[in-house]
Amino acid sequence: MNLKSLIAVLIIVILSLNSCKKDDPIIEEPVELITTLTYTLTSSDGGSVVVLSFQDLDGDGGNAPVITDGVLNANTTYTGVLMLSNEQASPAEDITEEISEEDEEHQFFFQSTVAGLNISYTDQDSDGNPLGLTTALTTTDAGSGTINIVLRHEPAKSADGVSGGDITNAGGETDIEVTFNVDVQ
Amino acid sequence: MYNKLIVNVLFLLLPILSIAQDCTFRLNGQVLDSGTGLPLEFVNLQLTETLAGTTTDSTGHFEFQDLCHGDYHLVLSHIGCQSQKIFVHLHSDTSLSLTLDHTVNDLHYIEVTGKSATSSTLRLETISEQDITDNAHENLSNMLESIVGVSTLKNGSGISKPVVHGLYGNRLTILNNGIAQSGQQWGNDHSPEIDPLVANKIKVIKGTSALEYVGGNLGSIVMIEPKKIIREPHLHGRVGYFFESNGLGNGLNVQMQKYAPSVAWKINGTLKKSGDKKTPNYFLNNTGSQEANFALQLEKSFNDHFSYDLYASTFNTELGVLRGSHISNTTNLEEALSRDVPFYTEETFSYQIDAPKQKVNHHLLKLHSKYFLDEEQWIDITLAGQLNDRKEFDIRRGGRTDTPALSLLQTSIFAELKYQRELELWKIKSGIQYNNTNNSNTPGTGILPLVPDYLSNEIGTFFILSRVRNKSLFDIGLRYNFILQDVATISRTLPREIIRYENIFHNVNSSLGYTYTFSKNQALTANVGFGMRNPAINELYSSGLHQGVSSIEEGDVNLKTEEAIKGILEYKSKLSSKISFEALFFYQRINDYIFLNPQDEIRLTIRGAFPVFKYEQTNAEIYGLDFASRIAFSKSLFTDLKYSFIRGNDLSNSLPLVNIPANNLSANLVYQLDKTININNKQLENFEFEINGQYVFEQANLLPEQDFVAVPNAYTLLGMKLSSDLQLKRVRLRLIAKVDNLLNTTYRDYLNRQRYFADDLGINASFTINVKF
């Protein structure tokens with residue numbers, strides 16, 4: 001092979017590659033996305049249902065999330081049920097199911113700044129540790145403040161205080177962290 | 001680790017007279033120091049075929065007698081030099097004139113190799129083959145740290161990238177065998193995918209005039225270069241093994257080569273594995289890594305005018321990321337920052353690598369041919385292809401941990417035609433290059449990609465002229481690049497749609513350099529360069545959550561091209577036979593410097609609140625000083641002192657620049673024994689003992705609000721090294737024992753992102769054995 005033929009090969013190689021248009025990318029369906037959290041509180045006397053919800057349909061970025069706060073009765077016990085879903089998928093995907101299937105790897109944590117408002121676990125994972133998909137919420141005096149709900153993936157469930165609902169030593173990744181304003185009247 | 005003398009052997013075969021009888025031949029000669037021209041005493045010489053050995057006398061002379069007709073290998077070794085093997089075909093009495101580039105008083109990183117030193121004003125610093133193989137347990141970036149002015153940006157001990165004069169990533173070009181490394185350079189936690197053990201030489205060009213290479217560089221270049229195959233008709237090679245105590249790391253490197261008549265070949269393979277690293281107090285869970293690399297080099301000459309060579313390499317790695325550094329929002333980050341010991345710290349050591357981790361494969365194929373038009377003109381034609389496959393795994397829900405969270409495939413094709421002409425005083429180099437990069441997100445991650453798919457076509461051309469005049473050397477260079485990008489991004493709002501961008505950039509680079517050699521012991525170099533770098537894809541279009549740093553990063557499609565001017569002034573001097581030093585000042589001004597600026601906005605998502613960072617532009621300056629000196633106390637005792645100072649400022653906002661290396665000071669004391677030590681009739685040669693220390697200052701040039709936590713304190717690290725050579729019958733051994741962080745000091749380094757979560761590495765003892773045959 002001489003120099004001329006080498007240069008010819010070079011030019012052919014370049015010309016054969018001169019596409020300037022990138023193909024359309026495949027738009028990924030975000031599989032782990034959670035768009036919506038609802039915390040449904042039903043009073044023990046069956047009298048009232050309060051729904052706290054956080055909805056961010058387009059995921060991170062884009063439009064701001066829609067948060068629905070709530071009003072609770074004083075000196076009342078509520079049954080709390082958490083529901084998670086991905087409403088970007090159609091039909092909407094129930095994430096609650098996924099969490100209960102991997103219950104040992106997950107735990108919800110609840111914190112409130114309202115005096116006397118207490119949230120306790122009423123469910124357990126397969127190892128007998130709390131999970132938090134269902135809870136009991138009790139109120140005492142009237143007041144206002146926030147309820148903060150955190151879902152941790154792979155927390156250290158056996159760490160000090162974690163089974164009692166204290167997040168300090170839990171670690172793990174945060175899958176959810178939402179805060180609602182509540183009034184207790 | 002500091003005996004980085006470049007051995008430069010030039011030899012001349014002078015057949016004196018021919019005798020017809022066998023086994024009466026003589027082989028003699030003289031060994032001179034190429035630096036001083038003086039004879040070198042105590043050079044050990046051995047013929048591997050007969051095992052006959054001798055040492056040069058005070059006049060540098062040696063002689064072997066009663067040799068038979070045939071092929072011989074002569075091994076030369078001298079303290080502070082890399083051992084050298086020379087092939088001699090003996091058919092008559094032969095006299096050799098050999099020079100070893102060895103002077104105790106020379107700075108190891110000053111490369112003075114005759115022709116090339118006087119043909120360019122580039123400021124070049126080199127890591128030799130011996131330093132590479134002595135430090136086989138280190139990755140590329142950590143090896144480069146031994147050069148003053150070079151630092152590493154790390155994410156734990158396994159993931160690191162070089163920082164030269166404050167620039168890294170998109171702003172620093174890395175050349176693997178002359179080909180610009182094509183991969184995901186933008187990521188601060190993406191190491192260059194190169195096995196340093198394939199290289200016989202690693203160079204850092206600190207100047208501005210490296211215009212013949214492709215890349216958006218604004219100055220510095222890192223070059224990894226495998227040597228040409230030695231013109232030797234026999235099979236030769238090297239087997240290296242290392243063990244290190246921290247992480248219980250093991251590694252094997254095999255290199256073999258032969259200059260066969262049909263085709264010359266060389267192969268190089270590396271296997272490495274290490275487990276969890278350890279700080280002085282605890283294991284760093286999931287910080288193991290493994291690597292398997294292979295390279296093939298072929299060379300063929302058709303005649304004196306025409307030669308071909310081929311280089312193929314594959315690099316494959318799996319790197320664990322500290323489990324406790326994987327955090328998901330600011331609350332998590334605050335918790336992690338407040339801990340003494342990271343979350344998920346285990347009591348026991350493990351080799352297991354789980355998510356979060358990175359799996360990277362990089363393959364390179366290069367074809368090069370050289371055609372001499374006449375004695376002073378030649379043409380180089382190069383064709384190269386690269387494939388970079390990067391997969392990053394996170395902890396994910398629903399059994400998706402085994403599905404990569406980021407999966408990027410990049411292919412690139414490079415073609416180059418280069419013309420060079422060398423006259424007595426003039427040298428011309430010119431060329432044209434084409435580069436095509438195709439970057440795709442591999443579908444199936446279930447996550448919207450952080451960087452978009454794109455296709456980039458680039459054509460570049462350059463012209464460099466240099467001229468020698470008396471004691472001066474002058475060079476001038478110009479480069480122009482045309483870049484056409486087609487980018488396909490995905491919208492962040494619903495419904496998702498594809499938004500396309502077509503970008504055209506024109507980049508111009510130029511440089512002017514001047515070197516004046518006052519005498520053999522003194523030289524001054526000035527170099528000024530102008531460079532342009534178009535915004536990188538991640539700076540323009542990245543969008544989304546950067547898990548590693550728990551922040552939302554947003555690109556800006558309106559970013560402009562960066563423009564930079566860098567000036568370098570270097571003075572090298574040998575004050576006496578005992579003291580030499582070099583000082584390099586640099587100043588770089590970058591207009592429209594692209595950086596991540598924290599915004600006032602805190603974005604609320606279902607996973608909590610995240611700070612938002614946007615790519616913005618400002619005018620910036622980076623300046624500094626690299627100082628290195630060597631003081632020889634006696635023939636066998638010397639010390640190296642190095643200091644590097646660097647500062648970066650955002651001029652428009654009157655703020656310091658982030659991620660600028662802290663200033664540091666290092667010193668060592670080396671004792672070299674120039675006589676051999678006899679143990680059981682075996683001779684230990686080139687015995688060397690070194691104590692070294694490094695002091696890293698606190699990064700004082702940073703405001704508290706520019707970081708999540710206070711910058712780490714200053715720290716001091718001590719180390720030691722013991723090395724020696726042993727010539728056996730057919731092979732030559734080199735043994736190296738090293739201890740790093742000897743005092744098991746607890747520290748954190750500003751440029752290591754893992755500092756937010758954990759301490760840096762504790763004591764590490766390593767042992768390396770190299771067998772040359």
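**View 1. Burial and overall dimensions of chain B.** Buried residues account for 48% of the 773 residues in chain B. The model is predicted. Along its principal axes, the C-alpha trace of chain B spans about 90 × 60 × 50 Å.

**View 2. Secondary structure and contacts within chain B.** Chain B holds 4 helices and 41 strands. Consider the contacts in chain B with a separation of 6 or more: 67% of them join residues 24 or more positions apart.

**View 3. Helix 3 of chain B.** This helix covers residues 330-337. Its buried residues are B:Asn332, B:Leu333 and B:Ala336. They lie on the same side of helix 3 of chain B, because they cover an arc of only 100° around the axis. The cover over these buried residues includes a strand of the other chain: strand 11 (173-184) of chain A.

**View 4. Where chain A meets chain B.** In this contact region, 40 residues of chain A are in contact with 51 residues of chain B. Helix 1 (3-16) and strand 11 of chain A each supply at least two residues of the side of chain A that touches chain B. Strand 11 of chain A gives the most, with 6 residues. By class, the side of chain A that touches chain B has 20 nonpolar, 15 charged and 5 polar residues. Strand 11 of chain A is also part of what covers the buried residues of helix 3 of chain B.

Definitions and conventions. Residues numbered from 1 in each chain as written. Chains lettered and ligands numbered in written order. Predicted model: local features only at pLDDT ≥ 70, side-chain atom pairs only at ≥ 80, totals over all residues. Buried ≥ 20, exposed ≤ 12 C-beta atoms within 10 Å, placed from the backbone. Arc of directions from axis to C-beta. Contact = placed C-beta atoms within 7 Å. Nonpolar A, V, L, I, M, F, W, Y, C, P; charged D, E, K, R; others polar.
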